Amino acid sequence: MTDTIFALASGAGRAAIAVLRLSGSGTGEVLRRLAGPLPPPRLASLRRLRAPGDDELLDEALVLWFPGPRSYTGEASAELHLHGGRAVLEGVSNALLALGARPAEPGEFTRRAFLNGRLDLTAAEGIADLIDAETAAQRRQALRQAGGALAERYAGWAGRLTRLLAHQEAAIEFAEEGLPNSLEDEMRAGAMSLAAEIRAHLDDGGRGERLREGVWAAIIGAPNAGKSSLLNALAGRDAAIVSSTAGTTRDVVEVRLELAGVPVLLADTAGLRETVDDIEAEGVRRARRQAEQADLVLAVFAADQTPDAETLAMVAPGVVVVANKTDLAAAPAGIGGVAPLAVSARTGAGMDRLRAALTEAVAARAGLTAEAGLTRPRHRAALDEAAGWLDEAAAAPLPELASEALRAALRALGRLTGRVGVEDVLDVVFGDFCIGK
């Protein structure tokens with residue numbers, strides 16, 4: 001038996017409608033005492049909600065009843081679609097407390113759904129990402145994960161690994177039962193093949209994490225290269241102070257953009273140069289750190305100046321090279337061996353080409369594909385551990401050591417979805433070989 005919990009499922013604040021969700025074994029009784037006889041499952045019914053004891057009318061609301069296990073949490077659940085006034089919410093909440101329900105803890109509905117087998121950990125994380133999604137691309141990725149795309153892939157790997165472990169255990173425990181002699185070779189080949197698949201999945205450049213968290217981009221360049229003007233032009237507003245005085249930008253100025261459906265945090269940095277000013281020197285140090293940590297770097301040069309050595313040293317594959325101030329001079333044909341994008345932040349010339357290039361670069365780094373990718377460091381850590389144990393299983397000198405390595409790999413995979421047990425291994429052992437009939 002579980003506590004009956006309730007929580008506001010709609011947004012806080014004044015609104016036409018507010019939705020209260022309930023879940024737990026006592027939901028049916030609470031609903032009967034609050035709204036009368038239970039309505040047909042999953043059909044909205046208009047009811048008068050009355051406070052227990054004094055029978056005071058609290059609201060006229062739509063009531064929905066979801067008997068377990070066919071509910072989000074897998075338990076008996078209900079929804080109350082109330083008028084959104086604060087007094088209504090307060091009155092109904094007090095009535096629920098009086099009837100024995102309690103406010104839900106953060107994430108408790110989804111936690112119960114996981115514990116009741118309605119979804120796995122990756123799907124629960126996908127739901128959290130869907131709630132936080134700010135762009136269309138984030139929404140699509142979250143929906144794929146919440147819909148079980150990652151769980152399906154990991155379950156497939158866990159199934160293959162379970163079979164490998166079951167066969168290895170059978171070869172050890174039932175050697176006298178006439179099992180095939182090729183089981184050990186098949187185990188080693190299967191372990192190596194699965195490890196290679198997992199590592200190919202890991203080798204994605206962190207695209208899923210970038211899409212979920214956003215791409216970090218940094219604008220670097222010499223003082224007066226027009227970095228702040230470029231930031232303002234890309235942001236469409238005056239986010240950074242622009243001045244003809246060199247060294248105006250001393251700290252990092254950040255703006256949020258959306259490119260290719262991916263959130264981008266674009267940072268303007270201090271001009272790169274040697275300086276004896278302690279404050280400016282700290283700004284230059286932060287600029288270099290931003291460039292080192294950024295997913296995407298824009299190296300900006302002034303078309304009317306000779307390219308500076310400090311910024312030239314930052315030009316590398318993947319860096320977007322920009323020649324700004326083309327309203328003052330023609331852009332050079334090449335900077336650091338790269339053809340720059342010629343723009344004028346002041347007049348807007350070439351800005352469409354720059355936005356298109358940035359959109360392409362962001363899309364490449366975020367991996368906008370229909371395939372579900374890794375979205376969290378814990379996924380990456382668990383898969384890396386599983387691949388390492390598979391390598392050990394394939395190279396183990398003794399069958400018992402191989403079995404232990406396979407079991408450790410299976411535990412690592414199980415941490416991703418939260419579902420792996422010894423019963424899975426036993427089912428395969430006795431199902432594949434019919435040992436003992």
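Contact here means heavy atoms within 4.5 Å. With that in hand, take Leu383: leaving aside residues up to four places away in sequence, Leu383 touches Tyr154, Trp157, Ile198, His201, Leu202, Leu374, Leu413 and Leu416.

A word on the model: it is predicted, so local features need pLDDT of at least 70 and side-chain atom pairs count only at pLDDT 80 or more, while totals for chains, interfaces and linings use all residues. Residues are numbered from 1 along each chain as its sequence is written, and side-chain values use heavy atoms, with hydrogens and water left out.

Leu383 also turns up in the largest nonpolar core, which has 30 residues. Such a core is a set of buried Ala, Val, Leu, Ile, Met, Phe, Trp, Tyr and Cys residues joined through side-chain atoms within 4.5 Å; buried means under 20% relative accessible area, with a 1.4 Å probe and protein chains only. Leu161, Ile198, Leu383, Leu390, Leu406 and Leu413 touch the most other members.

The largest share, 8 residues, comes from α14. Apart from this core lies another one of 29 residues, including Leu230 and Leu354.

Over in α3 (residues 108-115), the buried residues are Glu108, Phe109, Thr110, Arg112 and Ala113. They pack against β1, β2, β6 and α4. Just after α3, Gly117 takes a positive phi of about 75 degrees.

Methods. Buried means under 20% relative accessible area, exposed over 50%, partly exposed in between (1.4 Å probe, protein chains only). Helices (H or I, at least four residues) and strands (E, at least two) are DSSP runs, numbered from the N terminus.
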